[in-house]
Amino acid sequence: MAGRFAPRPPRAVVRGGTPRQGFAPGRVRVWVPDGPLDLGLVLGPLRRGPGDPTFRTMPDGSVWRASRTPTGPGTLRVTAHGDGVRGEAWGPGAQWLLEQLPRMLGADDDPSAFVPRHRLLALTRHRRPGLRLARTGLVLESLIPSVLEQKVTTLEAYQAWRLLVRKFGEPAPGPAPARMCVMPAARTWALVPSWEWHLAGVDNKRASTILRAVRVAARLEEAAGMEPAAAQERLELVPGVGPWTSAETVQRSHGAPDAVTVGDLHLPGIVGFALGGDRYADDAEMLRLLEPYAGQRHRAARLVLLSGRVPARRAPRMAPRGIERL
């Protein structure tokens, strides 16, 4: 009989993302952007897989995020509100999240700085006018999942993030959807036993990189106030954090429009195929093709990915290693 009937939702959960009863209303802020804004496009890169405990998209179109802010854990619900956006937040970090709301939704981003020089990019930008680059202002919450994604399949990385956050994080404040969690504090990450990393499918190299990063968490969070290039330099001082990981981090923490990801297994071939017809392009060729967009190379790569013009697969998907079964 297993699987024949959908599980009944917990009594406290209301379908559609309506806040659960028993919680006081949160702090509210309404912000009106100066141009088109697509919540899914802007906030989508902050989600680490469909089961991310810190991120949830509801059927009513609302987006929920649970974050560990400088003032403590907080939950943020973002919804379209007329011509603007309505943010409601709970927890000790509520005020900080609302102050950061415009930046998180791309207020500091300038889409007009991008000048398309390829028909595909011009067409994609026209079709996706609401694309802006999010800036969370939080470094560690982007760095740790980026380290987990090093040299493994996305399924393995998403699973590790989900298992570790649910086991060592804390419930999201306020009326968040069921099973939403705030990621662990730096000290909690430092105390995760070695066997728990193994059970989550995280090898010693990635676990050690995270442990080194959380020991200097305060210094890394200071990088949120730096220019993206300087922030990447500081991140790369941590052994195990290279250009790929630092770029993936500042793309989210800083909304860095020029932080192109190098060292990726798939991105050079996708960009090479879309802009030059070369599915076997390497990092050097990708950077050459993106050179006309200096200052906006990350945005150009995002538009390439959104265009849907990707080379057809010629080999099976890489199988997860499953080290937790060893």
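Trainee: Is T75 buried or exposed?
Mentor: T75 is buried, at a relative accessible area of 0%; buried means under 20%, exposed over 50% and partly exposed in between, with a 1.4 Å probe and protein chains only. Keep in mind that this is a predicted model, where local features need pLDDT of at least 70, side-chain atom pairs count only at pLDDT 80 or more, and totals for chains, interfaces and linings use all residues. Residues are numbered from 1 along each chain as its sequence is written, and side-chain values use heavy atoms, leaving out hydrogens and water.
Trainee: Which residues does T75 touch?
Mentor: Not counting residues up to four places away in sequence, they include W64, W90, L97, P173 and A176, where contact means heavy atoms within 4.5 Å.
Trainee: And how far is the backbone oxygen of P173 from a polar atom of the T75 side chain?
Mentor: That distance is 2.7 Å.
Trainee: Which strand is T75 in?
Mentor: T75 belongs to β4; strands are DSSP runs of E with at least two residues, helices runs of H or I with at least four, numbered from the N terminus.
Trainee: Changing topic, what is the strand order in the sheet?
Mentor: The open sheet has five strands, ordered β1-β5-β4-β3-β2 with antiparallel pairing; two strands pair if DSSP finds at least two bridges between them. The edge strands, β1 (27–31) and β2 (55–57), each pair on one side only.
Trainee: How many bridges join β2 and β3?
Mentor: Three, linking β2 to β3 (residues 63–69) in the antiparallel sense. F55 is opposite R65 of β3.

Conventions. Polar contact = N/O pair within 3.5 Å; in protein donor to acceptor, adjacent residues only side chain to side chain.
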